[in-house]
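Work through the exercises below with the model open. Try each task before you read its solution.

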Amino acid sequence: MAQKMKDIGSVLREARTSRGFTQADIAPQLDVSRATVAQIETGRRSVKAEDLRRLAAFYGCSLSELLPPATDDQEVDGLAELFRAYPDLAEDRGPSSFAGVCATARALTDLEARLEIDATAHSLPSYRVEQGNMPWQAAREGYRIAEDERRRLALGEGPIRFVDELLMTSGVRSAKATLPTGILSISIGEPDHGLLIVVEKNLGLEHRRFRYAHGLAHFLFDTEAPWRVCRSGGAPEFPEVRADAFASALLIPQYGLRRYIETLGKETLGRAGPTVLSLFSEGDGRDKTGESRRVDGRQRRGRHPITLSDVLRTAHYYGTSPSVAAHRLRNLRLLTDRELDQLKTMLRSEKHTPIERELALQAHEMDSLCSRLAALAASALHRGNIDTPRFNELADLAGVRVADRKGLLATAATPPQQEHRSSSRTPRRATSATSP
C-alpha cells in the first residue's frame, strides 16, 4: 500500500511540474494546505478519488493519466484503471453493484462465444468530430450525428420503445447498478465484457433511458478513452455537452416531434417564423417574371401556446423526462424562452404531479443484460455447451428464481418435429352412390 501511495504521488508531482504549477497552486484545488500536497506527492498521505478527479479537471487531462502504470503482475485494462481510480467500484456487493454488473457482462461474453454468437464484435460507426472550442459546436455535432444514427438504425421519426434493447442490437450492453454518490453513469469497453453502459439504478426510468443514449454517444465520439465516468454537477465538459445533445435528439427526433405536436392541435409551421408569410412564384413559363403574395397567419387555427399538458404528453410519448421534452421544444423554436421559463416553474412545483400521473401509462422496463444472459444460458444447456451446475450459476447471475428455471428451460427447448406421412399414394376420393 505504501509503495502504491508513493507511485501515485510521483505521477502527481510529474503532472504538476510539467505544467509549471507549484504546490501552492494546487492546494486550493484540493481545499488543503501546501504541506498536505507535499505529503501526497511524497507518498506519506493517500489521495481520494474525488481529489484525483479535481486535479484531472484542473489539468485538462483524463483521470487515467494521473495514475501510475500497472506493473507486470497487474491486469492492464480499462477496468483495472477504473477500479484504481474509483476503489469503491471494485467492491462486489452482489448483482446490483458495478462489479456485479461487470461479472454478468463477462459471463454473457463467455456464453456468446460458446454459442458462436459474435454479438460484441459489431463495430460502431466512426464519426468525425470538430475540434471546436465552443459548447455550441459540441451541441451542434450531437444533434447532427443523432440524426445520422437514427437513419443508420432505421428508426424513422417515431419513439424508441426500449433503448437498452436497441443498444444491444448494436453490440452495446446496458444495465443499472448502485454507483457511488455523484456518479450518474459509467461507459467502459473491454474485450472480456464488451461495450457496457452502467447507470445509477435509483434514477427514474426516463432518466435512465437518457443516460443509456448518453453513454452510446461516448462510444461513438470519445473512442480514445477506455472508460468515462459521468458525474452530476459542475461545469459540463465538451464531451458531456455533445453527449447530452445527442441523447435528446436521438430520443426525440425533430420532424417526428413537430408532427406529434400538430396532432395535439398545435400548428408548428409558423411558430419558428413570422405570422405573415411572403410566397414567391417563379412565373408561368411564358416569361421569367414572378410574383409574390402575402399570407396573413395571425388568425390561423392552432396558433395557441403549448401547455404543460402538451409537454407531459410529449415526454410520455417519447419516454423522456418533461424537462428534456420542454428544452427540445425550445430548441426547435416551438417554445419561446418566456414560455420555457413558465413551464420550468410549473414543472418544479408539485401541481403537475397528479396531472402527470393521470396522463402517463404504467411504464414497463426489462433488464436486457440479465434477460439475454438467462435466455442464452437455457439455450446453451439444451445444446450441451454448458452443464446444469453452470446453468444454475448463470441463472443466479441473471436473477432467475429457482422456481422459474424449469419454465425458462421449456421456452428454450426445440419444438418437436411433426411427422409427415408419405404422399406417394393417390388420395382416395369419396365415391358417389350413383354412377354417372
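The model is predicted: local features need pLDDT of at least 70, side-chain atom pairs count only at pLDDT 80 or more, and totals for chains, interfaces and linings use all residues. Residues are numbered from 1 along each chain as its sequence is written, and side-chain values use heavy atoms, with hydrogens and water left out.

**Exercise 1.** Classify the packing of helix 11 against helix 12.

Solution. 
- Get the geometry. Helix 11 (residues 254–263) and helix 12 (residues 308–318) pack at about 130°, with axes 11 Å apart. Axes are lines fitted to C-alpha atoms, for helices over the stretch in contact; angles run from 0 to 180 degrees between N-to-C directions.
- Apply the classes: under 35 degrees is roughly parallel, over 145 roughly antiparallel, 65 to 115 roughly perpendicular, and the rest oblique. Helix 11 is therefore oblique to helix 12.
- Read the contact. Gly256, Leu257, Tyr260 and Ile261 of helix 11 meet Arg313, Thr314, Tyr317 and Tyr318 of helix 12.
- Sort by class: five residues are nonpolar, two polar and one charged. Ala, Val, Leu, Ile, Met, Phe, Trp, Tyr, Cys and Pro count as nonpolar, Asp, Glu, Lys and Arg as charged, and the others, Gly among them, as polar.

**Exercise 2.** Repeat the analysis for helix 17 and helix 18.

Solution. 
- The axes of helix 17 (residues 388–398) and helix 18 (residues 402–412) come within 12 Å and cross at roughly 110°.
- Helix 17 and helix 18 are therefore roughly perpendicular to each other.
- Phe391, Asn392, Ala395 and Asp396 of helix 17 make the contact with Arg405, Leu408 and Leu409 of helix 18.
- The class count is four nonpolar, one polar and two charged residues.

Methods. Helix = DSSP H or I, 4+ residues; strand = E, 2+ residues; numbered from the N terminus. Contact = heavy atoms within 4.5 Å.
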